[in-house]
Structures are given as structure tokens and as C-alpha cells.
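The sequence and the structure are shown first, and a description follows.

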Amino acid sequence: MSFPDDLDLHSVPSDMKKEGSDWFAVFNPNPKVKRVLDVSLVHTLMHESVVCCVRFSADGKYLATGCNRTAQIYDTKTGNKVCVLTDDSAGKSGDLYIRSVCFSPDGKFLATGAEDKQIRIWDIGKKAIRNIFDGHQQEIYSLDFSLDGRLIVSGSGDKTARIWDMHTGTSKVLTINDPDSLNNDAGVTSVAISPNGQWVAAGSLDTVVRIWDVQTGVLVERLRGHRDSVYSVAFTPDGKGLVSGSLDKTLKYWDVSGLAKRKEGANPNGGASSPTGKKEDSKALVPASSSSSVGTTGNSPCTMNFVGHKDYVLSVAVSHDGQWVVSGSKDRGVQFWDAHSAVVQCMLQGHKNSVISIDLSPAGNVLATGSGDWQARIFAHHVALVTTPHARTALCAIPGPSQPLPTANMSFPDLDLNSVPSDMKKEGSDWFAVFNPQVKRELDVNLVHTLTHDSVLEDCSGEQFNDLYIRAVCFSPDGKYLATGAEDKLIRIWDIRKRAIRNIFDGHSQDIYCLDFSLDGRFIASGSGDKTTRIWDMENGTSKVLSDRDNCEGITSVAFSPNVQWIATASLDNAVRIWDVQTGALVEKLRGHTDSVYSIVFTPDGKGLVTGSLDKTLKYWDVSDLAKRKEGGGSSPCTLTFEGHKDFVLSAAVSPEGRWVVSGSKDRGVQFWDARNAAVQCRLEGHKNSVISVAVSPAGNVFATGSGDSQAKIWSYNQL
């Protein structure tokens, strides 16, 4: 769908638009495209020059912007400017635009790239420059940190990308030297590191997207298909897709899931060149056709074209759950596209000049835009109900306070629902929610579905038991496979589309109680009543066994950290253990619960860990310094305790934006807790037996419960 130039907002049906005083959103009127998105303006951030770039911190709490001579940091909740970074040693004459900004994953540092060819690494707390990386011969256009924070990649008009080591300051140079490069102009406009840290993708003025191997610096592939300069690239959260945006007015989706095979067999004819190139504004537009063919010179295919913008596409981003592709354009508009079909869902107009930069919060539901109109804006976007079967995406966090915060614990009495004020409760035919009268009500909850199980994956082979309970299920990150763990000690990997078993992993000697996929899809961890955890390699089926001689009890829950460096396990012996994934070494034991620990979940940035126990409590552990613990220093503190359940806590989950901890209990209730202070916000009752399992959708606003009453239920929740 292409929105007409002469769009008359008054003629658009009211349910297909949303208007503010100086912005509006129009939703796709095609009756085959269901409107599932809502958009609202949250903050307008005024600047003193063009806003060249916007970037969220990993926890979504802060937004950095780059403009003339300054980088600025804003609190995304309040919109307040909390920090201005200016290099007073830089020359005062002329302009010095900050072309790119990027937070380190731990939020301590901000990297900025500018017209003076230097990359500055700022210590945000000290508002001081920690390092300057100098080596490029022309402007720095783009920066990206690796998820482990060890590397930063830069792209420049000098036809190179560089991979910098944050510890040593040394760099590896990735040079473009193609004899057929368009107008011999291959300045690098955009760079992105894949989630697993293995690949660097770069968009260039010569219309080509290139991908290099991070470790070796070898050019693995060229992706050709755009008809004009590529200004933006972004990997999908699972690393299997790459989205590019171009001056040809289109975006493209490239399937890069086979990059490892390309590395082994491709010959992209890479090379080195002298550092020359043109500035971006000297590039003339080549006329583009909206019917350009899908294809690429390399082996990674272009599987979708996103056509609809009326001018240059200047910036692209992918939502944390992989559902949306968002683009900003010289046509002053932002478009939300369905990432699975390239169908436009919404066009947002809120700037008076080009939308130069956009970013989506890793914590979900927040969009930032930067424009030539000297403004940055923060928008909220919400999905009413998303049921795509993707595994969790973890790029956000519960804040991990350095000191315990004051709590507002509340234990619900044996309630007389009739005595609860109407504004502090919500009732359905067979469920109710009660909100904490001691704190401001911020949530609304609704029952969406009570599930019957009519889509079955059943193993009809082998011995037939009277009962064979599936104790654990877990989607692979790409949504193609489902892992199940059962009482028969086997882990089955199902091909969902074929409804067939792809692999069986056999090695445990007792029931499988828990499973978790690593975010890169390479590993699956299992915990068993046999007192061991195993890390299975999805490619070859081999496993690494994690066992502690001090543990004489079964493993009830396992969780990978988002960076796949650590694995946490919960046990019937009251302890939580954290292991090094690569070596299998036990790094730390966390003790504090007074009964068996039944559930464990990392916060999405890996800095926090939430546990639920039969002692009726949950705990938040600050594990931000695990690398130091590995080396023998200190222990990870418990900074919050969540008290209020009347019986065993059986399951815990964290909302994708990091705002809520959700727990299920033998007391038949579900509780929403404020992740910042452990105050309970809401108690929900909708089952006639124990709530054995809870899960929150990575897309946000939806959670599921499973119970001993033979029902699963899907609920929606919304912030008021």
C-alpha cells in the first residue's frame, strides 16, 4: 500500500487514523489488513540544530541524540534531559555534527562519531571522555556495539568499516575495493553487528550491502539488489535476517540464516583500497522502480521488498520481538511494516522535515525519531494481542538497584469481593482481579482466551505409559521448532510445520523438568530430577553435563543469560547456581531462599535474576558483575524480596519492558509486582487449582497461565 500524496485526513475513517495537535497516524485501509497497532506521542525533545541520530540504551530507560557539537541523553519516562556531552577541546569554528551515537550494553558508556573523523567513548557518569579512537580518514557515519560490549564497529565515508577493541583501542580495518563500485563511491553509511557477534553488515553509497566475518575480517558476502545508496542496515533479533533501507525508496529483507555456509564456500573477491570517498550529500539519486525484482548476487536471498515510501529511506529498525520493521524517510514519514509480509500497517507523520534517524527501544513499545526539523520525538506503540509463536527476545531489563528499595508489600486477605471498591477490582464470569489499594493503580487486565488443546504434537512410537506429562516446552528463537521435556527422560525437538520429531536428545536418567533455548538457537539447556543440567548442541546433539557434588536434589528450572555466557539453575536444595556456558564451570551459588527454588528467569540484559520458591517468596539478584565473580571476587546480592503469596511460588516471568514481575502460585493466584520496588500491583484469580506455569509474551501486553485445573488461559494487560 502506498499512501497518496494528497491524503485528506478528514476523509480517512475515524477508526483508521489517530491525530494529535501536530502529528497523525493513518492505518492501512485494506480490509485484509487487520489494524493491530496503536501509536501515541509521548515526548517532543527540542534541540538547537538538526538531530542526526537517536539511540536507546539497552534497558530502554534513556535515549541519546546527536546534533551539532553535542550528544544529549534523555530520560525516556519523563522526557527530561539528564546529560549533555560536549568536547571542549574540539575546535570552535564551524559545525561539528555528531552523526552517530551508541550506548554500551551496560549503559555506562556512550560512543559518538562525528565529522572530525574521531570516535569518542564517553563515561556517562563522569561526563568525561574515556577513550578517543582515531584512524578513519573521513566522517564517522555509523557506530554499533557488540552485545557483549567488547567491540565497537564504525563506518566512515573513507570506504572502510573498523572493528575496535574496547579494551586495547586497536582496530581491524574492513576495506571496500570493488572495481565495479558505483562512481567509485563506497562510503560506509551504516553498520550493524549480528546478535551472536559473528558478523558485521555494512550499507554503502555504492548500493551494496556487505557482510564480514568479525573474527577474521574476511568479506563473506555482497548483497546486491538496491538501485541506489544503502543508508541503513539492521539485523533481526534472531540474527537470521537483515533489513536494509535505501535512497531507492525501498527496504529489503535478506535471509542471512546460511551465513556460516557462505563463509565456507563463498568467494566475494574482497580487497583493500586507499581511504577515499564522497560526502553523503554529493550523491545523486538514481531513479528507482517500485517493481524492482527480488534478488541478490550473493547466496543470501532477498525475500521481501518493502515498497511505499515516496522519497529516500534514511533509517530502519526492527522491533525487539521481530514483528515490526520501522523506517524513516525524507518524505517526513515513519512507516510500520509487518516483518513477515512487508505489508504496511501504519504511516506516522510527526515531523516538518526528513526523518533522518529512528530507533526502537530494546525494552519494547517505544519508538524514537530524529529529524531535520531540530526535534527528536518519542512515541509509544502498542499491540492489542500478538500470538506469533516466537521464543522470547531478551534485550531489556528490570532495574537492578545497588541498594534495596523500600517495599510496599501487601498480602491479600481472604477477600470479600463485594467489599472491594469498584475502581480497585475487575470481574469476569469466572475470574477477578484486585488492585493494591496502597499504590497507584497502573494496570488493566482482561481474559482473552480459555484454551482447549486441539493442535497436538504426539509421539506415537515407543512404550505407551498410562501418563506421560510434558513438564517443559520451549520454542526455538526462529519459531520453527518446539522442544519438549517429559517424564520419560527424553527431550524431543519437533518440527512444528511438519508436526514431526526432528531430534531426540537422550541422556538424563530422571524426568525432564525444564528447558531453555539460547537466544542464538545454538544450544538448549535441560534440567532433570537426576540432579544435573545439560547443555545440548542443536547441530550435533552432544551435551555438556553440569553437576555439583554439593547438590543432592533435582533441577527444577534453567535459564540462559541473553549473551549466552551464563546459565542459571534452580534446585530443590534451596540454592541457585550460575555456570559458565563455555567451560561448564560453576561460577556462583546464590543462597537466601528457605525452601526449594522452582523458577528462575534472567532479566533481559542479563544483569538481574528473578527466582521463585516454595518459601512463598520471589527474590531479585543483582548479577551484573558475574565476570568478576568468575574470577573470584564477591557474591551477587539479593536486592529485593517479593512477599505476598499465601502458598508455594511455582513460576515467575518478567515483562519485556522490564516494568513487571509476574508470578504464579499454589494459592491459585497470579500476582503482578512492580519490578522497581517489589510492591504488588494486582492479584488475579482465574483458575480452580494451582497456577503451575506463567509466561509473558515477548511482544508485550499478553501473558499466559497453565493450571492444575486442566486449563490454560491467555490474558491481556495494559498500562493505564
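## Ser-651 and its surroundings

In this predicted model, the side chain of Ser-651 comes to 3.0 Å from the backbone nitrogen of Val-694. Ser-651 itself is located in strand 50, which spans residues 649-654. Its relative accessibility is 7%, and Ser-651 is therefore counted as buried, the cut-off for that class being under 20%.

When neighbours within four places in sequence are set aside, the contacts of Ser-651 are Ser-599, Val-662, Ser-663, Gly-664, Ile-692, Ser-693 and Val-694. For one of these residues, Gly-664, the C-alpha atom is separated by 5.1 Å from that of Ser-651, although 13 residues separate the two along the chain.

## The largest nonpolar core

In soluble globular proteins, nonpolar side chains tend to be buried together. Here the largest nonpolar core contains 22 residues, and the most contacts inside it belong to Val-670, Phe-672, Leu-684, Phe-703 and Tyr-717. Two or more residues each are supplied by strand 32 (432-435), strand 33 (443-451), strand 51 (660-665), strand 52 (669-674), strand 53 (680-685), strand 54 (691-696) and strand 56 (712-719). Strand 32 provides the largest share, four residues.

Beyond residues up to four places away in sequence, Phe-703 touches Val-445, Val-670, Phe-672, Leu-684, Ala-695, Val-696, Ser-697, Lys-713, Ile-714, Trp-715 and Tyr-717.

## A separate core

Another core, of 21 residues, lies apart from the largest one. Among its members are Val-12, Phe-27, Val-39 and Val-334.

Notes: Residues are numbered from 1 along each chain as its sequence is written. This is a predicted model: local features need pLDDT of at least 70, side-chain atom pairs count only at pLDDT 80 or more; totals for chains, interfaces and linings use all residues. Side-chain values use heavy atoms; hydrogens and water are left out. Buried means under 20% relative accessible area, exposed over 50%, partly exposed in between (1.4 Å probe, protein chains only). Contact means heavy atoms within 4.5 Å. A polar contact is a pair of N or O atoms within 3.5 Å; within protein, one must be able to donate a hydrogen and the other to accept it, and residues adjacent in sequence count only if both atoms are side-chain atoms. A nonpolar core is a set of buried Ala, Val, Leu, Ile, Met, Phe, Trp, Tyr and Cys residues joined through side-chain atoms within 4.5 Å.
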